[in-house]
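Please consult the sequence and the structure while reading.

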Amino acid sequence: LKSAFRRMIFSLPEPYREALVLTEFENLSQQELATRAGISLSGAKSRVQRAREQLKQKLNDCCTFEFDRRGKVIECAPRSNGGCEECD
């Protein structure tokens with residue numbers, strides 16, 4: 001799943017991929033993202049939110065998830081329709 005997740009992130013369109021990588025993995029604040037990208041803070045927030053939504057959609061299209069009561073993933077399985085290019 002880890003390698004598929006990475007491929008999904010890097011399959012996002014550039015501005016969304018950059019926003020997600022910088023804020024989630026390189027720990028830039030959304031204000032720092034805005035400054036770096038030359039956009040407003042609200043624009044940066046929107047970009048990060050859209051990136052998260054696109055990634056969530058890719059994950060849900062590809063796999064089914066089971067969560068514990070705290071929201072932690074405890075089970076992941078490819079969907080039977082085989083619609084996950086990143087998992088192949």
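In which sense do strand S1 and strand S2 pair, and over how many bridges? In this predicted model, local features need pLDDT of at least 70 and side-chain atom pairs count only at pLDDT 80 or more, whereas totals for chains, interfaces and linings use all residues. Residues are numbered from 1 along each chain as its sequence is written, and side-chain values use heavy atoms, with hydrogens and water left out.

S1 (residues 63–67) and S2 (residues 73–78) pair in the antiparallel sense, over five bridges; pairing requires that DSSP find at least two bridges between two strands. Opposite Val-73 in S2 stands Phe-67. The two strands, S1 and S2, form a hairpin with five residues between them, and Gly-71 in the turn has a positive phi of about 90°.

Along the sequence, the chain follows the pattern α-α-α-α-β-β, with four helices and two strands. Helices (H or I, at least four residues) and strands (E, at least two) are DSSP runs, numbered from the N terminus.

The loop between helix H2 (14–25) and helix H3 (30–37) contains Asn-27. Although Asn-27 is not a glycine, its phi is positive, at about 60°. Most residues other than glycine have a negative phi. Asn-27 is exposed, with a relative accessible area of 64%.

Of the 88 residues in the protein chain, 26% are buried (buried means under 20% relative accessible area, exposed over 50%, partly exposed in between, with a 1.4 Å probe and protein chains only). The protein chain exposes about 6100 Å², of which carbon and sulfur atoms supply 47%; accessible areas come from the Shrake-Rupley method with a 1.4 Å probe.
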